[in-house]
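Here is a short briefing on charged side chains and their surroundings. Keep the structure open while reading.

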Amino acid sequence: MVLGFKPQFEEPILQGRKQHTIRKDKNDRWKPGMKIHFATGVRTKLYHQFKEGVCISTQKIQILWDNISLNGEFVSILVDGHLIDLDEVETLAINDGFEDVSEFLNWFDEDFEGKIIHWTDLRY
């Protein structure tokens with residue numbers, strides 16, 4: 001299945017720095033064993049598939065903007081129902097291709113529920 005990315009994430013994926021992606025998955029489509037076609041420019045004339053892989057695993061993720069302060073931000077992040085601490089959030093952000101927690105939280109700037117789609121053995 002095609003997994004579209006912004007161009008800024010192509011190089012981190014190819015270099016192995018981006019080890020997963022976080023997506024909404026309302027219809028529960030992403031399952032272990034599914035083939036991944038990594039691409040930019042999805043549904044445009046600029047479509048470019050730059051890698052193939054396999055979904056190794058998925059984890060549920062919730063990002064809840066509330067009254068718990070995380071590094072000056074009021075947010076809670078749960079992976080598979082477990083509240084993760086600031087060190088784990090930093091690891092999650094970097095492994096998702098961001099420079100730091102601040103950049104990650106700017107991207108996910110509202111309540112979010114979805115999946116972490118892993119193409120490595122990494123788990124949280």
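Aspartate 28 is partly exposed, at 38% relative accessibility. Its salt-bridge partner is lysine 31, with N and O 2.6 Å apart. The model is predicted. Six salt bridges turn up in a search of the whole structure.

**The network**
- Lysine 31 is partly exposed, with a relative accessible area of 37%.
- Aspartate 25 pairs with lysine 115 in a salt bridge, and the closest N and O atoms lie 2.9 Å apart.
- That pair links distant parts of the chain, 90 residues apart: aspartate 25 sits in the loop between strand 2 and strand 3, lysine 115 in strand 8.
- Aspartate 25 counts as buried because its relative accessibility, 14%, is under 20%.
- Lysine 115 also counts as buried, at 9%.
- Shared partners join Asp25, Asp28, Lys31 and Lys115 into one network of salt bridges.

**A separate pairing to inspect**
- Arginine 123 forms a salt bridge with aspartate 80, at 3.6 Å between the closest N and O atoms.
- Arginine 123 lies in the segment after strand 8, and aspartate 80 in the loop between strand 6 and strand 7, 43 residues apart.
- Arginine 123 is partly exposed at 43%, and aspartate 80 is partly exposed at 42%.

**Negative surface patch**
- Asp85, Asp87, Glu90, Glu99, Asp100 and Glu103 form a surface patch of negative charge.
- Aspartate 87 belongs to helix 2, residues 86-95.
- Aspartate 87 counts as exposed, at 56% relative accessibility.

**Strand 2**
- Threonine 21 lies in strand 2, residues 20-23, and is buried at 4% relative accessible area.
- Its side chain makes a polar contact with the side chain of arginine 23, at 3.1 Å.

Terms used: Residues are numbered from 1 along each chain as its sequence is written. This is a predicted model: local features need pLDDT of at least 70, side-chain atom pairs count only at pLDDT 80 or more; totals for chains, interfaces and linings use all residues. Side-chain values use heavy atoms; hydrogens and water are left out. Patches are made of residues with over 30% relative accessible area and no salt bridge: like charges are joined within 9 Å, nonpolar side chains (Val, Leu, Ile, Met, Phe, Trp, Tyr) within 5 Å. Accessible areas come from the Shrake-Rupley method with a 1.4 Å probe; for residues, only the protein chains shown count as cover. A salt bridge is a side-chain nitrogen of Lys or Arg within 4 Å of a carboxyl oxygen of Asp or Glu. Lys and Arg count as positive and Asp and Glu as negative; His and the chain ends are not counted. The place of a charge is taken as NZ of Lys, CZ of Arg, CG of Asp or CD of Glu. Helices (H or I, at least four residues) and strands (E, at least two) are DSSP runs, numbered from the N terminus. Buried means under 20% relative accessible area, exposed over 50%, partly exposed in between (1.4 Å probe, protein chains only). A polar contact is a pair of N or O atoms within 3.5 Å; within protein, one must be able to donate a hydrogen and the other to accept it, and residues adjacent in sequence count only if both atoms are side-chain atoms.
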